[in-house]
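Please look at the structure shown below and read it slowly alongside its sequence. The report that follows takes up a pocket, a sheet and some aromatic rings, in that order.

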Amino acid sequence: VATTAKHFPGLSATTVDSHQSLPVIREAFESWIESDREAFAAVVAGGVPAVLLGHGRFPSLDPSGTPSPLSPLIITELRACLGFAGVVMSDALGMGAVGGMGGPEEAAVAALAAGVDLLLAPPNFLDVHAAIVSSVELGSLPLARLNEAAARVLDLQVSYAFEPAATSAANDLVDQLRNQVGQLKADYEAQCAVLLNAADPRCSL
């Protein structure tokens with residue numbers, strides 16, 4: 001069992017249950033800085049190994065209105081500005097809010113492409129799996145992105161493993177995956193710099 005902080009970037013200002021539909025959180029950026037962001041910054045600084053993204057649109061963080069699990073901008077806020085290096089999870093893909101993201105299959109592919117590492121509770125695993133495989137085959141979802149995600153998840157599993165043989169085997173697999181994602185990391189960081197770079201005043205808050 002691993003500690004997970006949720007629901008980034010925060011649902012404290014919502015009046016809609018994301019189990020039923022996709023909320024739009026219209027909290028001002030300055031207000032978010034003083035409330036939810038401060039709490040997440042504290043748990044990230046404390047070494048929390050996983051952060052779960054809440055289903056919602058946050059216009060003050062991503063003016064396009066892209067829901068947080070599908071938003072490279074919001075995931076960049078978490079990684080580049082808060083310094084989180086662990087596993088980023090989606091909220092459950094069977095929730096009502098996912099209907100506002102095109103459905104579980106489309107949301108799963110878009111979330112992985114945006115930087116999510118682990119998809120929570122897809123309602124039909126086989127359909128979601130098929131959509132991911134198809135996207136990789138078509139080239140719209142880089143295999144290297146999946147390898148990066150798998151390496152983070154395996155890292156988390158290894159850190160909680162107790163069987164030495166299993167730990168050794170998992171470490172070997174993590175090393176193999178890491179060898180494949182070096183360029184992807186550089187590309188991702190370059191994209192982050194374009195989307196929300198260190199010069200952005202939000203990153204210095």
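How many nonpolar, polar and charged residues are there in the lining of the second largest pocket? In this predicted model, the lining of that pocket is made up, by class, of 12 nonpolar residues, 1 polar residue and 1 charged residue.

**The pocket**

The second largest pocket has a volume of about 300 Å³, and 14 residues line it, of which Leu112, Asp117, Leu119, Ile132 and Leu146 lie nearest its centre. Strand E4, helix H5 (125-138) and helix H6 (143-159) are the elements that each contribute two or more residues to this lining, and helix H6 gives the most, with 5 residues.

**The sheet**

**The aromatic rings**

A pair of aromatic rings is described by two values, the distance of the centres and the angle of the planes. The structure holds 3 aromatic pairs, including the two in this table.

| Pair | Centre to centre | Between the planes | Arrangement |
|---|---|---|---|
| Phe8 and Phe40 | 5.0 Å | 85° | edge-to-face |
| Phe29 and Trp32 | 5.7 Å | 40° | tilted |

Why does the pair of Phe8 and Phe40 tie together parts that are 32 residues apart in sequence? Phe8 lies in strand E1, whereas Phe40 lies in helix H2 (residues 36-45), so their pair joins parts of the chain with that separation in sequence. In the other pair of the table, Phe29 and Trp32 both lie in helix H1 (residues 29-34), where they are 3 residues apart, or about one turn of the helix.

Phe8, Phe29, Trp32 and Phe40 together form one aromatic cluster, to which strand E1 contributes Phe8 and helix H2 contributes Phe40, while Phe29 and Trp32 come from helix H1.

Technical notes
Residues numbered from 1 in each chain as written. Predicted model: local features only at pLDDT ≥ 70, side-chain atom pairs only at ≥ 80, totals over all residues. Heavy atoms only, no water. Phe/Tyr/Trp six-rings, centres within 6.5 Å; stacked < 30°, edge-to-face > 60°. Helix = DSSP H or I, 4+ residues; strand = E, 2+ residues; numbered from the N terminus. 1 Å grid on protein atoms, 1.4 Å probe; cavity = no way out; pocket = protein on both sides within 12 Å on 5 of 7 lines; lining within 4 Å. Points joined across faces, edges and corners; volume = space filled by probe spheres on them. Nonpolar A, V, L, I, M, F, W, Y, C, P; charged D, E, K, R; others polar.
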